[in-house]
Amino acid sequence: MENLDKKYYRIAEVAAIVGVPQSTLRFWESRSRGVIKPRRNAGGTRFYTPADVEAVRMVHYLVKERGLKIDAAIAELLRNREGVSRRFDAIDRLRTRAAAAGTRLTALTGRAELFHVQQLFRYILRKTRSVNTTLCRST
């Protein structure tokens with residue numbers, strides 16, 4: 001989960017955080033019945049609070065990962081926001097742990113490959129020495 005340390009985020013930033021186009025955020029907002037309600041300045045620019053970003057993340061989870069239609073996702077959030085939030089947080093923690101495990105596995109794989117390269121190098125070096133020894137004896 002990305003650390004949301006700013007007070008407000010523009011729509012482009014939220015789109016990048018969540019991984020959807022800005023037009024999708026505008027569409028979700030239009031269908032959200034107040035679940036996603038960014039503040040606007042006099043010029044109409046949207047400003048999302050960290051709470052708004054979390055709401056967008058939960059909608060993204062329900063629509064893109066659970067396969068709900070936007071209206072069903074909004075209804076689920078209105079009916080059981082805390083339950084959805086707990087599931088979303090649990091899945092996010094699992095993803096973080098899986099990514100860390102993948103990183104460790106990659107590092108271990110790299111070490112294992114390095115070990116095999118070292119073993120191969122030592123083998124070639126031993127064979128080269130034995131060939132050199134054989135050639136020196138025969139001359």
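**Figure 1. Arg 40 in strand β2.** In this predicted model, Arg 40 belongs to strand β2, which covers residues 39-40. Its relative accessibility is 45%, so Arg 40 counts as partly exposed; that class lies between the cut-offs of 20% for buried and 50% for exposed. Apart from neighbours within four places in sequence, Arg 40 is in contact with Glu 29, Thr 45 and Arg 46. Arg 10 is 30 residues away from Arg 40 in sequence, and the C-alpha atoms of the two are 10.0 Å apart.

**Figure 2. Lys 7 in the segment before β1.** Lys 7 is found in the segment that precedes β1 (9-10). With a relative accessibility of 63%, Lys 7 counts as exposed, because the cut-off for that class is over 50%. Residues up to four places away in sequence are not counted here; beyond them, Lys 7 touches Tyr 48, Thr 49 and Pro 50. The C-alpha atoms of Lys 7 and Tyr 48 lie 8.3 Å apart, although 41 residues separate the two in sequence.

**Figure 3. The largest nonpolar core.** This core contains 27 residues. The members that touch the most other members are Val 14, Leu 25, Trp 28, Ile 36, Tyr 48, Val 56 and Val 59. At least two residues of the core come from each of the helices α1 (11-18), α2 (22-31), α3 (50-65) and α4 (70-138). Helix α3 gives the largest share, 8 residues.

**Figure 4. Contacts of Ile 36.** Ile 36 is one of the core residues that touch the most other members. Neighbours within four places in sequence are again left aside. The residues in contact with Ile 36 are then Trp 28, Glu 29, Tyr 48, Ala 55, Val 56 and Val 59.

**Figure 5. Packing of α1 against α3.** Two packed helices are described by the angle between their axes and by the distance between those axes. For α1 and α3, the axes come within 10 Å and cross at roughly 40°. This angle makes α1 oblique to α3. The crossing of the two helices is right-handed. On the α1 side, the contact is made by Val 14, Ile 17 and Val 18, and on the α3 side by Val 53, Val 56, Arg 57 and His 60.

**Figure 6. Packing of α1 against α2.** The axes of α1 and α2 are 9 Å apart, and the helices pack at an angle of about 100°. The two helices are therefore roughly perpendicular to each other, since angles from 65 to 115 degrees fall in that class. Ile 11, Ala 12, Val 14 and Ala 15 of α1 make the contact with Gln 22, Leu 25 and Arg 26 of α2.

**Figure 7. The whole chain, for orientation.** The protein chain has 4 helices and 3 strands. Starting at the N terminus, the order of these elements is β-α-α-β-β-α-α. The chain has 139 residues, and 29% of them count as buried. Among contacts between residues at least 6 apart in sequence, 54% join residues at least 24 apart.

Key. Residues are numbered from 1 along each chain as its sequence is written. This is a predicted model: local features need pLDDT of at least 70, side-chain atom pairs count only at pLDDT 80 or more; totals for chains, interfaces and linings use all residues. Side-chain values use heavy atoms; hydrogens and water are left out. A nonpolar core is a set of buried Ala, Val, Leu, Ile, Met, Phe, Trp, Tyr and Cys residues joined through side-chain atoms within 4.5 Å. Buried means under 20% relative accessible area, exposed over 50%, partly exposed in between (1.4 Å probe, protein chains only). Contact means heavy atoms within 4.5 Å. Axes are lines fitted to C-alpha atoms, for helices over the stretch in contact, and angles run from 0 to 180 degrees between N-to-C directions. Angles under 35 degrees count as roughly parallel, over 145 as roughly antiparallel, 65 to 115 as roughly perpendicular and the rest as oblique. A crossing is left-handed if the near helix is turned anticlockwise from the far one by less than a right angle, and right-handed if clockwise.
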